[in-house]
Amino acid sequence: MPITMNLHVDARSPIPIRRQLTEQLKHAIESGRVPRDQTLPSIRELAGFLGINTNTVARVIEDLKQSGYVEARRGRGVFVAAAPPVRPSPGRREGFLKDVVIGAAAVGMTADDLAVGVLSLAGVRPPAIDGAVEVLLVERSPAELDFFAGQLEAHFPIRVDKVLLGELTAITRRRTPAGRWRAAVTSFGHLREVERVLRGRGVPVIALLAEAHLETLHRLAQLPAGTRVGVTSDALETAHDLEHSIAKAALANIVLVGACSAEGAALGRLVRRVDVIVCSSSSAERVRQLAAPGVQVMIDDRALDGRAIQMLATLLVGGNGGTHERPSATRPTMRKK
């Protein structure tokens, strides 16, 4: 059957065969390679194809039944469940694992070396985030809240409590954040204000720096000499952050004309003075309505800073019963824009 063509177990691997096969079958089901309600090969067929003991395969199938991935139908065999569980962000999980394997190969490690290395870290065994963790997200505009919440929930199996910066003080007076929010997340420009409001409440604050994408800078670098570039976003501060990020790239071929909010008359004036305008997806429609046909609209949706993401991951796992101590406040290395 087709599923067997993608299965492989390595008897020399330090990972138990039962675990190897269980995880491969889970991934095949989660990714849709094995459709829902499709029958699986019999225990004997799987064991014969893989050259392993039928008892091992039987235990794997039982594991999958217990976790809700498959179900036995009397007289018909074992089928993929109609509604199998989905682990958080399966695509991101696979991408992360590929990056780890490629990174290991780049320093001369085989996949087995990597597995042995991970297993050897016996003293560092924090439990996985259980999905009940709640993180406070503070930003200036609803569009930014929605954008960053989506980014965070794509990275971590967490719940994001979205709060506008202007409402943070009032909300913290009405709520008891201690023990509820594992961490507070905001952008660099709001870090000090969020820290001030949450001071003494036991909620560490992390600034997730967001700068222009390298792809955007590369596209700007290809523009003709003297190209006039403007920047806009839902919030004025966000637009200025993006403008400063582009300015730091020191692209000699462009002239930065200015930055403004996507709301108000300033945007109409800016688009009449530029050849290219860099903006977020959420403000692109308004920009196109105001811009002349010859003005190029370049989308740049801010990305979360990788180092800050790693800091948040360490804090979330450390506060989840792992070996790390939970800090009272956390701040990435400050970088001037």
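Is Asp37 buried, partly exposed or exposed? Asp37 is partly exposed, with a relative accessible area of 40%. The scale here: buried is under 20% relative accessible area, exposed is over 50%, and partly exposed is in between, with a 1.4 Å probe and protein chains only.

Before going on, the ground rules. This is a predicted model, so local features need pLDDT of at least 70, side-chain atom pairs count only at pLDDT 80 or more, and totals for chains, interfaces and linings use all residues. Residues are numbered from 1 along each chain as its sequence is written, and side-chain values use heavy atoms, with hydrogens and water left out.

Now the overall picture. The protein chain has 13 helices and 10 strands. Those are DSSP runs, numbered from the N terminus: helices are H or I with at least four residues, strands are E with at least two. Of the 337 residues in the protein chain, 42% are buried.

Asp37 sits in the loop between helix 1 (17–30) and helix 2 (43–50). Its phi is positive, about 70°, although Asp37 is not a glycine. Asp37 also belongs to a salt-bridge network with Glu71 and Arg73. A salt bridge here is a side-chain nitrogen of Lys or Arg within 4 Å of a carboxyl oxygen of Asp or Glu. Glu71 is partly exposed, at 31% relative accessible area.

How many salt bridges does the rule give? The count comes to seven. Two others deserve a look. One joins Lys162 and Asp146, at 2.7 Å, N to O. Lys162 lies in strand 4 and Asp146 in helix 6 (residues 142–155), so this pair ties together parts 16 residues apart in sequence. Both ends are partly exposed: Lys162 at 40% relative accessibility, Asp146 at 46%.

The other joins Asp275 and Arg228, at 3.0 Å, N to O. This pair links distant parts of the chain, 47 residues apart. Asp275 is in the loop between helix 11 (265–271) and strand 9 (276–279), while Arg228 is in strand 7 (residues 227–233). Asp275 is partly exposed at 28% relative accessibility. Arg228 is partly exposed too, at 35%.

Four strands form an open sheet in the order 4-3-5-6, with parallel pairing. Two strands pair if DSSP finds at least two bridges between them. Strand 4 (159–164) and strand 6 are the edges, each pairing on one side only. The twist averages 25° from one strand to the next. Axes for that are lines fitted to C-alpha atoms, for helices over the stretch in contact, and angles run from 0 to 180 degrees between N-to-C directions. Strands 3 and 4 pair in the parallel sense over six bridges. Val138 has Val163 in strand 4 as its bridge partner.

Which elements does helix 8 pack against? The buried residues of helix 8 pack against strand 3 (134–139), helix 7 (168–174), strand 5 (181–186) and strand 6 (205–207). In helix 8 (residues 191–198), the buried residues are Leu191, Val194, Glu195, Val197 and Leu198. Down the axis of helix 8, they fall within an arc of 165°, so they line one face of the helix. The arc is that of the directions from the helix axis to the C-beta atoms. The background: an α-helix has 3.6 residues a turn, so residues three or four places apart point the same way. After helix 8 comes Gly200, with a positive phi near 80°.

Two last residues. Ala250 is another non-glycine with positive phi, about 55°. Ala250 lies in the loop between helix 10 (236–248) and strand 8 (254–261), and is exposed at 61% relative accessible area.

Finally, Glu30 in helix 1. Glu30 is buried, at 16% relative accessible area. Glu30 and Pro84 are 54 residues apart in sequence, yet 7.7 Å apart in space, C-alpha to C-alpha.

Key
Contact = heavy atoms within 4.5 Å.
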